[in-house]
Amino acid sequence: MAPYQSLLNMRTLAPFGVSSLYVIQTLCSVSTLPLGTFVTNCHERNFWLSIKSSFLGQRVRFDIEDGSGIHFLSRQRAAECGYTILFDHHGNLVLRASYLACYVDNKADSEFRLQVWFVSRQAGGSVRAYPLHLHCILPLPWSHRDIICEENYMEVSVKPQIPAPHNHSRKWIDAPPMSSEEKKRLKQEGWVIFYRPGDVQQQRWTVREVLSLGYVIGITDFHVLLRCPYFSPQSHRFMDKEVLVEAVSAVLLLQRQELPTVVDVSVACTINNALVDREHLVWSSPLVLHPLVHGVFQHSSVRLGVGSEALSGCSVRDRGYQVTANNGVLQARIPFGADGTLARAVELDGRLFKVISLDLFLMREWRDDLWPLTQQRTFRLLHSPYLPHTPEVINDTVCSENVFSITVGVFPWEMSFKTLYIGGEPVSWPEAKNQALHISQIHHKNGSYSYQLRVPFSYSSISQKRIRGGYRRLSLAFILTLSLTPSAKEFNYSATVVCDVKEAADSAPWLEGRCRESGVQVLLHYGSRERPWELYVGGRRLDWELVELGGFELELEEDYLSVELPLFAPGMTYENITLQSLVAKVEGSVVELDTVQVQHSLTQRCSFPVRDLLVCLPEGRMVVVVDTSRTLPPTTPNSTTLMDPSCGPSQTDSTRALFNFSLNSCGTTQAMEGDYLVYENQVVYTPDLQPTKEPIIHRHSPYRLTIQCRFPANHTDLASFWHPVNSSLSLPLSLKEGHRSKRRLPPRSFRKGLRPTRSLYGWKD
């Protein structure tokens, strides 16, 4: 360990992959391996090391140790030497190394050892090094030619062959192991010939020259190999079956047992990314890679894997993967959402997209006239392009079960549940539990998930409407709000599902809400139960005092009672008041007198345009919109204030200003006038006139508008609307003309078909 620490202290460590790590006069502590953080596998032709993303420091790197010392893997050196370092689609750091890579302790091409140092710089500046000894025994026998198509390099390893003796059944047999002298002679006297399609003259290079170009010519006991990064000097690219291929066509000339030997070390790899076909990731390759095939091509088999896991044929079918060979194209099709894929959420310009990824391993075998068996192994981290994220709403509702059942998804793992709105109201989970509302998360194998929502028909925020044929239409309008990690950006997904149910013979009274031009209409459908009930609007029992106070319009029909509340009537509350619109909310409920139980409840929201406005809210606030363009000359809206000059408008446009303030602030005064509490303020503009010796013509006139809120002293919980005093403001919406009953009727309840009595409650005959 001491030599490694000394080397760390003596030199600056250059960057690779994630970012650079510099160690200057800092001792590197050698640490024990945390359990479960490092995962190693012996793949078919590779060491495979994975480090959990949660363990990674600010800056990390890998060093390789062998008998000659410690070697730092730069990006270029890693590709030349057979190492791949990347993040998988789970964010874990992965190191893959060929069994024939540089610095590997190779025993007869069947047993391999590799000493790796994982170096991590922590947030506090300390540097920790973790030693990992990788040991693999060849899992599968070598073929006559093995090709590796990695993310950053291509590698081909072949078994040199010599002519067979005359009495042998084959023309060629595997050459015996190379002696040390033969390996040395190859590096000194060997030649490499590169050729490209269309080249008239072939290029001949010494092995030394080839090594200087970034190629690696390796000699083991039984193999000769060539390895190079992509875009190497002698590589060429071409399109085959609309698929991009990179190839290096080369032969190696060497002496074996005093005989000249020619070894084909050509290599070719498909380098295209995945495409999207409907709901599938599709990766394609030419079935025949012509630079690698001599004579008759015989396709043998294909195997798939995900990450370091090789899949059996049954696993491939169970996951829905498909491998086809049609029209000269080998194609792998992976369904979105299949086990092994991962959906990742990405935000761009306020919009949400998803990226589907898969860590693909594909091994294919073929035979031709020159090679009895070729195996090509391809590793590709496939990514889809950015796809709009549009969750699907699946309606599994069975109307006879009296409950809405909806599934919404699929959502990437980075998104977390935030809020659920039903009928515009945020769901209170204690209340939802009391009303038997349930929401559950469904986890999928690829890490994504969906939400299942079950809402009983009796839930208070479900709207109902009578339709023809004796049916009621129940509508569930919901908004699902989710938050994206780590940005905390929120996204809303909304839908409405309906169910038409036949009126029961013994149906309870129920409410329906509608938006009208001048207000909000509440319809009370009597149902068929012969039980007395009362109607509540805005938390108050509906009686003639409330009707007259609010200017409600009543209409009594054979099977329903209509109550229309004009805008700004008692019983309304207001949301989202802006210069453009306001949202009025009315809550209603039907209570059975005998049991004092709510038979049905309703929350109705309606949006109304705004021009001039003054709203007195029950929580002790005043909201006013004033039009300052009616003065001559017009007053600039953003120059106006309340009596307290520090209270300016919260919103303005070219002609109007909106003020939203508490009744105990901004210079508001309070007085009693009879049975009313009166709160008063003023919207003012006073030009700033500086004294001068000469007269000045001003183009701005003073502006003053008195605004009042009047609350009944015994009903301060009511919201109200008033014309501003001494102003030219007018109601934006006129009240609907129609019959309004103000009679004082005898104290008796009403029945179907009769006029309502004083208390406005009744039962069905």
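Predicted model: local features only at pLDDT ≥ 70, side-chain atom pairs only at ≥ 80, totals over all residues.

Q: Great. How many disulfides does a search of the whole structure find?
A: The search turns up seven disulfides. One of them joins Cys42 to Cys136, with an S to S distance of 2.0 Å.

Q: Where in the chain are Cys42 and Cys136?
A: They link distant parts of the chain: Cys42 is in strand β2 (residues 38-42) and Cys136 is in strand β10 (residues 127-137), 94 residues apart.

Q: What's the torsion about that S-S bond of Cys42 and Cys136?
A: About -90 degrees, so the disulfide between Cys42 and Cys136 is left-handed.

Q: Which cysteine does Cys149 pair with?
A: Cys149 is joined to Cys269 by a disulfide, S to S 2.0 Å. Cys149 sits in strand β11 (residues 145-149) and Cys269 in strand β23 (residues 267-270), so this pair ties together parts that are 120 residues apart in sequence. The torsion about the S-S bond of Cys149 and Cys269 is about -85 degrees, so that disulfide is left-handed. Cys149 and Cys269 are both buried.

Q: What about Cys647?
A: Cys647 has a disulfide to Cys666, with S to S 2.1 Å. Cys647 is in the loop between β53 (621-627) and β54 (651-652), and Cys666 is in the loop between β55 (656-662) and β56 (669-673), so the pair ties together parts 19 residues apart in sequence. The S-S torsion for Cys647 and Cys666 is about -85 degrees, so this disulfide is left-handed. Both of these cysteines, Cys647 and Cys666, are buried.

Q: Is Cys314 buried, partly exposed or exposed?
A: Cys314 counts as partly exposed, at 46% relative accessibility.

Q: OK, switching to charges. How many salt bridges does the count come to?
A: The count is 26 salt bridges. Among them is the one between Arg237 and Glu246, whose closest N and O atoms are 2.8 Å apart.

Q: Which salt bridges does Asp277 form?
A: Asp277 forms one with Arg278, where the closest N and O atoms are 3.6 Å apart, and one with Arg333, where they are 3.0 Å apart. Asp277 is in strand β24 (residues 275-277) and Arg333 is in strand β29 (residues 329-335), so that pair ties together parts that are 56 residues apart in sequence.

Q: What are the accessibilities around Asp277, Arg278 and Arg333?
A: Asp277 counts as partly exposed at 28% relative accessibility. Arg278 counts as exposed at 65%, and Arg333 is buried, with a relative accessible area of 12%.

Q: Last one: which residues do salt bridges that share partners join into one network?
A: That network is made up of Glu44, Arg45, Asp146, Arg303 and Arg377.

Key:
Residues numbered from 1 in each chain as written. Heavy atoms only, no water. Disulfide = S-S within 2.5 Å. Helix = DSSP H or I, 4+ residues; strand = E, 2+ residues; numbered from the N terminus. Buried < 20%, exposed > 50% of the residue type's maximum accessible area, 1.4 Å probe, protein only. Salt bridge = Lys/Arg side-chain N within 4 Å of Asp/Glu carboxyl O.
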